[in-house]
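Visitor: Before we look at anything, I would like each label you use to be set against its definition.
Guide: Then let us bring up the model and take the labels in turn.
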Amino acid sequence: MTRAPVAARDLVLQVVDLQKRYGTGTLAIERISLDVRRGEFVSIVGPSGAGKTTLLKTVCGLLAPTSGRVLLDDKLVTAPPPEMVLVFQDYARSLFPWLTVTANVAFPLRKKRLTPSEKASLVREALDAVGLTAFAGHYPWQLSGGMQQRVAIARAVAFRPEILLLDEPFASVDALTRADLEDVTLRLRAEFGITMLLVTHDIDEAVYLSDRVFVLSPPPSVIVREIAVPLSQPREQERTRSDAAFLALRNEIHRMIGQRPERTIAP
Amino acid sequence: MRARRLLGLATIVVLLLAWEVTARVGNNVYVPPPSQIAVTFAHEWFSPQFAQEAVPSIWRLLAGFIIAAIVGVALGVAIGVSDTLYRTLDPVLQVLRALPPTAVIPVGILLLGIGDWMKVAVIVFGAIWPILVNSVDGARSVSSERLDTARNFGFSRLETIVAVTFPSALPQIFAGLRVGLALAFIMIVISEMVGGSNGLGYAILSAQRTFSIPEMYAGIVLLAILGYGLNALFTLLERRVLAWHLGSTAVTR
């Protein structure tokens with residue numbers, strides 16, 4: 001697959017020959033290279049156990065790569081940079097049950113030098129963007145699963161990152177809530193211009209949300225294919241998902257999942 | 001709710017009545033009826049003797065418990081967040097917590113005499129282990145997602161401990177404090193019985209030795225009331241501090 005050359009300043013994230021081995025033991029990621037353009041929505045789709053969470057944690061600087069490197073705005077990532085925020089799958093384990101929704105969303109702002117009123121307005125905007133303003137004074141455990149994940153997303157957005165890393169964020173909620181959360185994420189991207197990097201095992205979700213999809217092999221992970229998603233914007237659940245191009249793409253990826261790349265194909 | 005509470009109170013009244021009747025029929029000098037104990041109680045403890053015997057016990061108990069709580073929680077969280085400290089100290093903790101704390105009272109008397117500080121010291125020794133062990137467990141069982149979240153947002157190690165680890169561990173810390181309080185109560189009574197010149201434990205034992213039987217029972221009743229009161233205060237504090245935890249576990253149940 002060929003694509004137009006991209007000016008370096010458009011690349012916000014570059015992952016170069018990344019390898020991750022746990023201790024001296026299993027190889028989780030064999031070799032992954034990918035890049036993400038500013039404002040883009042990129043998904044990495046792969047089977048369960050393909051090292052997707054490991055990949056995101058390494059990209060985020062929470063884990064050190066065994067070899068290879070991650071560049072954010074051309075700077076080497078060695079520790080979690082403030083421009084990247086990771087949203088975990090398990091909201092119940094990542095939110096703080098002793099804090100209200102407002103305090104959870106304000107939590108990361110403790111690390112920003114802002115006046116109390118600036119912080120308050122960031123929190124308000126983030127809660128407003130995910131539609132939780134009415135629940136600001138609640139505790140997370142008083143909310144449904146989908147709403148809790150909205151709190152986690154709002155907390156990430158309030159920090160105003162350039163990139164959101166989403167680790168299967170919609171995997172623990174029911175199908176309707178899931179569609180809701182997908183559209184919330186698309187709106188946030190449009191509203192705040194945040195670049196999105198999502199890992200998921202759900203092919204339809206990856207195609208629905210993304211501009212480009214990387215298909216991951218079973219572990220030790222490599223990238224099987226990079227696929228552009230030329231579906232029209234904005235995406236709409238019913239219309240987009242019944243588009244013939246959508247179906248063709250999801251079927252193509254479906255056939256690829258579980259394969260190793262053919263070595264003969266040049267990158 | 002009120003009906004339930006009335007039922008519990010009724011049980012106490014019935015038991016006291018049964019005791020009253022049995023004691024009067026049996027007429028055993030070592031088991032006086034509750035009515036007589038009540039009269040002695042009012043006479044003994046609504047008097048300067050309260051300041052002489054009960055107040056020293058209460059302050060030793062509180063001093064010992066508070067020291068055990070502060071040291072136990074601080075040390076426990078530190079051990080819980082550091083793998084090196086945990087591997088170094090956990091075996092020692094497991095041995096020391098298994099030791100019946102009353103066994104160190106003779107050592108305390110040898111080293112510190114029979115004064116106030118011996119009692120405070122043995123209370124600390126008795127109460128600290130459950131607090132320490134629970135704080136270690138609580139600090140170790142914080143979800144990796146919460147820790148990663150704090151790290152992701154640029155929190156330093158110390159900031160993460162204060163803002164994430166400590167509050168996450170609070171439910172377990174409180175479980176440890178509750179057990180510690182009960183042990184502190186046991187330790188104050190025994191340490192005053194073994195090596196004391198005042199205090200409730202001392203008062204109860206010397207009443208027994210001088211055959212002041214109703215006085216002995218009155219002392220025990222005072223201990224029961226103090227224990228109940230302290231526990232009620234502790235529960236009140238726990239409900240305030242852990243309101244979020246009680247709420248979230250009620251939701252999942």
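Guide: Helices (H or I, at least four residues) and strands (E, at least two) are DSSP runs, numbered from the N terminus. This is a predicted model, in which local features need pLDDT of at least 70 and side-chain atom pairs count only at pLDDT 80 or more, while totals for chains, interfaces and linings use all residues. Residues are numbered from 1 along each chain as its sequence is written, chains are lettered from A and ligands numbered from 1 in the order in which they are written, and side-chain values use heavy atoms, with hydrogens and water left out.

Visitor: Where is A:Asp17 placed, and what is its phi?
Guide: A:Asp17 belongs to strand β1 (residues 11-21) of chain A, and its phi is positive, about 45 degrees, although the residue is not a glycine.

Visitor: How many residues are in contact across chain A and chain B, and what area do the chains bury?
Guide: With contact meaning heavy atoms within 4.5 Å, 27 residues of chain A touch 20 residues of chain B. The two chains bury about 2100 Å² between them, 65% of it on carbon and sulfur atoms, where buried area is the accessible area (1.4 Å probe) that two parts lose on being put together, summed over both.

Visitor: Why is the pairing of A:Asp211 with A:Arg189 called a polar contact?
Guide: A polar contact is a pair of N or O atoms within 3.5 Å; within protein, one must be able to donate a hydrogen and the other to accept it, and residues adjacent in sequence count only if both atoms are side-chain atoms. The side chains of A:Asp211 and A:Arg189 are joined at 2.5 Å, so the distance lies within that limit. A:Asp211 itself sits in the loop between α7 (203-209) and β9 (212-216) of chain A.

Visitor: Which bond joins A:Gln233 and A:Pro234?
Guide: A cis peptide bond joins A:Gln233 and A:Pro234, with omega about -10 degrees, and A:Pro234 lies in the loop between β10 and α8 (237-242) of chain A.
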